[in-house]
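Please read these notes with the model open. They go from the whole chain to single side chains.

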Amino acid sequence: MIQKPGPVFNTLGGTGEGDHTPLLSITGMKTYPLSGQLDMLTVGVVGGPGRRVNASQAVQSVIAGHDTVLPKEAYYPLTTTAEEVDTANTAEMASSQDLATAAALTELGVDFGSALAVAQVTPGSPADGTLRPDDRILKIDSSQVSGDNAGAKTVQTRVAKGRPVDLTIQRGKTKKTVTIRPTQTDGKFALGIVLGQKYDFPVTVKYNVEGVGGPSAGTIFALTIIDALTPGDLTGGKPIAGTGAITADGTVQPIGGARQKVAAAAAAGNEYFLAPRDNCAEVLEAAAQTDLHVVRIDDLKSARASVEKIAAGRTNGLPACGTN
């Protein structure tokens, strides 16, 4: 498979190509006009499960310098299908949008609710036919379950004992208790579900992004939400690009395809590149032949502070890769 620089989306503008539909819109709270350039970067993929790459494409990518050619098995098990890849990418993008909203509201001090929920049910598992995706788990046995990682660990700990568990769930407006007996696979007891979080936000954020998957736009989405919910121009008109997955508490996480995203950012005319700490080495190497200024980001708070400093022209002392 080949990784190439993908399309660039200015999250402060429209969806592009003559379409002025905002890439991101918010209802439920007072918003402010967006302007400037804050670019979300993507990676184009040629090949992968179910898709062939010919030799000439691979050679051209090696010559291009900013592409990466690698065996598809480096990313996907041999049995993975193209449909499974597309489904996973779509789910990761949807999750990143929720996490970006949670992180932005947390940074702004806006309260919201969260609940532990069923994200997926494995066919043929103990939970199949009893639980459904989007069921919210309120209690396990008689213990209240929180809507964060601690709640997920509570469920995992009880299930690991292998005894039947009583789950109090909410499905729509209905609450009920179901009993499920875990089964053992590869020495571990499991219900056959993937847990996630469902949020009750005081705002509705609509992301007009199509044909893009994965989690890596989370940090840029969160910065865009902050810009929309606060007066003034966050970027000060400076062209800024960046990448990084994000958690609900605002921690920035590393991403793949950093090399291609640097090339895309430079081609789009950006001056600054926001890079997750764990991607610093790859980003610095890729940016060495460009005019990009690389800024290290560890969390949403530091990313926001750096963008505000860039906007104000106070760029001395911006967090750099390789420094604490």
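What share of the contacts in the protein with a separation of 6 or more comes from residues 24 or more positions apart?

1. Residues 24 or more positions apart account for 73% of those contacts, where contact means heavy atoms within 4.5 Å. The model is predicted: local features need pLDDT of at least 70 and side-chain atom pairs count only at pLDDT 80 or more, while totals for chains, interfaces and linings use all residues. Residues are numbered from 1 along each chain as its sequence is written, and side-chain values use heavy atoms, with hydrogens and water left out.

2. The secondary structure comprises seven helices and 20 strands; these are DSSP runs numbered from the N terminus, helices being H or I with at least four residues and strands E with at least two. Of the 324 residues, 41% are buried (buried is under 20% relative accessible area, exposed over 50%, partly exposed in between; 1.4 Å probe, protein chains only). The accessible surface is about 16300 Å², with 49% of it belonging to carbon and sulfur atoms; areas come from the Shrake-Rupley method with a 1.4 Å probe, and for residues only the protein chains shown count as cover.

3. Asp39, in strand 5 (residues 37-46), deserves a check. Asp39 is buried yet has no salt bridge, and the nearest side chain of opposite charge, Lys261, is 13 Å away. A salt bridge needs a side-chain nitrogen of Lys or Arg within 4 Å of a carboxyl oxygen of Asp or Glu; Lys and Arg count as positive, Asp and Glu as negative, and His and the chain ends are not counted. The side chain of Asp39 does make a polar contact of 2.9 Å with that of Asn270 (N or O atoms within 3.5 Å, within protein one able to donate a hydrogen and the other to accept it; residues adjacent in sequence count only if both atoms are side-chain atoms). Beyond four places in sequence, its contacts include Val8, Ile220 and Ala268.

4. Lys261 is itself among the buried residues of helix 5 (residues 258-267), as are Gln260 and Val262. After helix 5 comes Gly269, with a positive phi near 85 degrees.

5. Four aromatic pairs are counted, taking rings of Phe, Tyr and Trp (its six-membered ring) with centres within 6.5 Å; planes under 30 degrees apart are stacked, over 60 edge-to-face, the rest tilted. Phe112 and Tyr199 pair edge-to-face, at 5.9 Å centre to centre and 65 degrees between the planes. Phe112 lies in the loop between helix 2 (82-107) and strand 7 (113-121) and Tyr199 in strand 14 (residues 193-200), so the pair ties together parts 87 residues apart in sequence. Phe112 is partly exposed at 27% relative accessible area, whereas Tyr199 is buried at 12%. Ring pairs link Phe112, Tyr199 and Phe201 into a cluster.
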